[in-house]
Amino acid sequence: MSYEHIITEIRGPVGLIKFNRPKALNALCESLIKELDHALNGYEDNNAIGAIVITGSKEAFAAGADIKEMYDKTYMDVYLSNFITEGWERVSTCRKPVVAAVAGYALGGGCEIAMMCDIILADETAKFGQPEITIGAIPGAGGTQRLVRTIGKAKAMEMCLTGRMMDAEEAEYAGLVSRIVPADQLLDDAIKTAKKIASMSRPISMMAKEAVNRAYETTLSEGLLFERRAFHSLFATDDQKEGMKAFVEKRKPKFTNC
Ligand code: CAA
């Protein structure tokens, strides 16, 4: 499949996806979401890829779902097609870790896709928001739920009710962003972070991701049990043996993803 609205590039063990609709601030039209879905499936199936980076342009990670494509849809159009579901949720179901590198606007669906990623790195220009209320809508790709779980009800409610954007500093302070990186280093840093993740044991990093994500879905006691059992199960892997033996032998581990 050739892509029109995204650019993909493989950098060593990292699969990069760059949103590429410069004239529309990377608004997430249906064909872009289909391309994103396709690219993610490819990276998930590619054994040489250990982590994924999603980014946009200097101006925008993505300014939301494409309003021009959406504004005249009917209730039946959106209900029967389960609009903002197929493809949109693919980022959140990736088993390989995904890093978002955010510059400029990450609004509406753009903020929601960033939140589906596992780590968000931002530069000083990043602006996060759920401005749907200003166009007579509410978030439709998880904004009301993931924002509350990430930054708490007070800020999430204010953002969803007023459309106020958070700058990078506030987003980092609130816990939405893991780190702020100088603009000229954003992508390099995201790739470096993804490469670091990819240098670990593949099955163990997948288990770590699964266990952390479990914290959003379950009670503390069930989450702790899940973590404990995953921890027990990794003793059946070669990489646990190699990792711990290498520590004891004061050398770097050589993981084989087994
Ligand atoms: N959909 C479609 N086109 C968009 C867009 C969007 N979400 N955001 C920007 N664009 C287009 C503009 O229409 C404009 O195109 P034209 O030149 O053809 O008119 C181009 O991108 C540049 O945008 P602006 O001229 O508006 O640029 P600006 O610098 O003045 O403003 C902005 C930037 C504040 C981000 C403004 O574009 C904006 O408010 N965009 C919409 C943000 C928004 O409401 N997002 C939520 C969408 S709904 C959603 O995402 C639902 C969901 O939960 C999935």
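Trainee: In S9, which residue is the bridge partner of phenylalanine 128?

Mentor: Methionine 166 is that partner in S9. This is a predicted model: local features need pLDDT of at least 70, side-chain atom pairs count only at pLDDT 80 or more, and totals for chains, interfaces and linings use all residues. Residues are numbered from 1 along each chain as its sequence is written, and side-chain values use heavy atoms, with hydrogens and water left out.

Trainee: What is the order of the strands in the open sheet?

Mentor: Terms first. Strands (E, at least two residues) and helices (H or I, at least four) are DSSP runs, numbered from the N terminus. Two strands pair if DSSP finds at least two bridges between them. Here four strands run S4-S6-S8-S9, with mixed pairing. S4 (60–62) and S9 (166–167) are the edges; each has a single partner strand, so one side of each lacks a neighbour in the sheet. S8 (127–129) pairs with S9 in the antiparallel sense, over two bridges.

Trainee: Which strands does helix H5 touch?

Mentor: Contact means heavy atoms within 4.5 Å. H5 (109–116) packs on the sheet and touches S4, S6 (105–107) and S8.

Trainee: Is isoleucine 84 buried or exposed?

Mentor: Buried means under 20% relative accessible area, exposed over 50%, partly exposed in between (1.4 Å probe, protein chains only). At 14%, isoleucine 84 is buried. Asparagine 257 also has a positive phi, near 60°, but is partly exposed at 34%.

Technical notes. Axes are lines fitted to C-alpha atoms, for helices over the stretch in contact, and angles run from 0 to 180 degrees between N-to-C directions.
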